[in-house]
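Please read the following with the sequence and the model side by side.

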Amino acid sequence: MRIDILTLFPEMFAPILGTSIPKRAAEKGLVSYHLTNVRDFADDAHKSVDDRPFGGGPGMVMMCPTLYDAVEFAERQDPRPARRILLSPQGRVFDQSMAVELSKNQRLLFIAGHYEGFDERIIEGLKPLELSIGDYVLSGGELATMVVVDAIVRLLPGVLGHEQGAADESFAEGLLEFPQYTRPRDFRGMMVPDVLLSGNHADIAKWRLEQRKYRTRDRRPDLWQKYAGGMEDV
Ligand code: 4GX
């Protein structure tokens, strides 16, 4: 998979993409990251990428010409068509099923905006998939882009050592994870549940599934509703 990221702050990405799973994925040749500084495409002496909004109001708006040029430049670097993605609170809220779908693409191109927003003709003309990582306001799309990239890259076949791992985790089956324990058995009077030390794998599996259901019902009634569907008193 080739991932392009268009941003005014390319230096924000190296610490994240150069660490842990995203780094390992690139080292294994399963993904490559390509950062493009949108400011390099500014065509005036001041290197402007934004301007004041027509109609007045506070803040600055990212301009079309520089961003279109940056997108077209990045897309020319590889013949495969890129799925364009733009991070904004106006987007559809990103979830695990979208990470799974996006992980099937050969090429993704992320637009990480800063400032108050984009000229609407960026959406109209480039037709990106608009994604939000949640209902709060960030200073820019960079962190949101990294969240989405991380969630996608760890799903690529061969990235995680344990192939089952990614699929087994929370959300994949619609339930939260069960509680985990390791040594010591007694930590300051807090004990590891006996069933986990019983050696009875059927009992352990049953306990874990119960715990997943309790937790999901208690903490995430929205997920529980989807999982349990119309079932009563589960
Ligand atoms: N999930 N932000 C984008 C600039 C902006 C404003 C309006 C387009 C329209 C965010 C989020 C997020 C802050 C990123 C505003 N772009 N992105 N930025 N929540 O808050 O994705």
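Ser103 sits in the loop that connects α4 to β6, where helices (H or I, at least four residues) and strands (E, at least two) are DSSP runs numbered from the N terminus. Ser103 is buried, its relative accessible area being 17%; buried means under 20% relative accessible area, exposed over 50% and partly exposed in between, with a 1.4 Å probe and protein chains only. This is a predicted model, in which local features need pLDDT of at least 70 and side-chain atom pairs count only at pLDDT 80 or more, whereas totals for chains, interfaces and linings use all residues. Residues are numbered from 1 along each chain as its sequence is written, and side-chain values use heavy atoms, with hydrogens and water left out.

The side chain of Ser103 comes to 2.7 Å from the backbone oxygen of Val100. When residues up to four places away in sequence are not counted, Ser103 touches Met1, Ile152, Leu155 and Leu156, contact being heavy atoms within 4.5 Å.

The largest nonpolar core has 29 residues, of which Ile3, Val31, Tyr33, Phe94, Phe110, Leu131 and Ile152 touch the most other members; such a core is a set of buried Ala, Val, Leu, Ile, Met, Phe, Trp, Tyr and Cys residues joined through side-chain atoms within 4.5 Å. At least two residues of this core come from each of β1 (2–7), α2 (20–27), β5 (83–93), α4 (96–102), β6 (107–111) and α6 (142–153), and α6 supplies the largest share, seven residues. Apart from this core lies another, of 19 residues, including Leu6, Val38, Cys64 and Leu86.

Elsewhere, three strands form an open sheet in the order β3-β4-β7, with mixed pairing, two strands being paired if DSSP finds at least two bridges between them. Its edge strands, β3 (50–51) and β7 (117–118), each pair on one side only. Strand β4 (residues 61–62) runs parallel to β7 and is joined to it by two bridges, with Val61 standing opposite Gly117.

The residues of α8 that are buried are Ile204, Trp207, Gln211, Arg212 and Thr216. Seen down the axis of α8, these buried residues fall within an arc of 160°, so they line one face of the helix. On the other side of α8, Ala202 and Lys206 are exposed, while α9 (221–228) is among the elements that cover its buried residues.

Technical notes. Arc of directions from axis to C-beta. Polar contact = N/O pair within 3.5 Å; in protein donor to acceptor, adjacent residues only side chain to side chain.
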